[in-house]
Amino acid sequence: MVILPPDLDPELVARLGESGGGELPLRMGIEFLELSAAHSVARMPVEGNRQVVGLLHGGAHVVLGESLGSISSAIHAGPGRYAVGIEINATHSRSITDGWVTGTCTALVLGRTLCTHEIVMTDDEGRRLSTVRMTNYLRDR
């Protein structure tokens with residue numbers, strides 16, 4: 001069960017419920033645990049998301065980060081608006097070969113037209129694996 005803000009736009013709730021957060025996050029096994037504009041959490045299995053030498057693919061870190069940053073920005077945008085990613089970067093600090101990766105997304109800026117989030121990926125022992133920073137532009141429908 002995903003924890004959602006009580007005042008979340010019903011249209012966004014429906015889209016999240018219908019899509020499971022999107023096709024790629026579903027394919028990668030991402031599980032959303034808590035979603036809000038300021039703080040969101042999700043986890044992803046390493047298995048099925050490894051690159052050729054057995055490490056979690058660096059792009060998988062970015063997909064988890066972008067999924068959290070985009071949804072958090074969409075929540076902040078509110079009814080009649082949506083978020084579009086305009087910048088993302090990642091720093092990989094430690095590799096992982098099995099278990100789960102947890103992404104914790106924290107808002108750095110929640111503005112009228114821009115949102116910036118930092119998403120920290122950790123392993124099951126709480127060690128930092130990577131840091132993703134994402135900026136979204138908020139648009140009217």
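**View 1. Lining of the largest pocket, by residue class.** In this predicted model, the lining of the largest pocket comprises nine nonpolar, five polar and four charged residues. Here Ala, Val, Leu, Ile, Met, Phe, Trp, Tyr, Cys and Pro count as nonpolar, Asp, Glu, Lys and Arg as charged, and the others, Gly among them, as polar. A pocket is an open set of points, on a 1 Å grid over the protein atoms alone, where a 1.4 Å probe fits, with protein on both sides within 12 Å along at least five of seven lines; lining residues have an atom within 4 Å of a point. Of the 18 lining residues, L16, G21, S67, S70 and I71 lie nearest the centre of the pocket.

**View 2. Elements around the largest pocket.** At least two lining residues come from each of α1 (10-19), α2 (23-27), α3 (58-77) and β3 (81-92). The greatest contribution, six residues, is that of α3. Helices (H or I, at least four residues) and strands (E, at least two) are DSSP runs, numbered from the N terminus.

**View 3. The open sheet.** Six strands form an open sheet in the order β1-β2-β4-β5-β6-β3, with antiparallel pairing. Its edge strands, β1 (31-34) and β3, each pair on one side only. Two strands pair if DSSP finds at least two bridges between them.

**View 4. Strands β5 and β6.** The antiparallel strands β5 (residues 114-122) and β6 (residues 128-140) are joined by nine bridges. Opposite I119 stands V132 in β6.

**Notes.** Residues are numbered from 1 along each chain as its sequence is written. Local features need pLDDT of at least 70, side-chain atom pairs count only at pLDDT 80 or more, totals for chains, interfaces and linings use all residues, and side-chain values use heavy atoms, with hydrogens and water left out.
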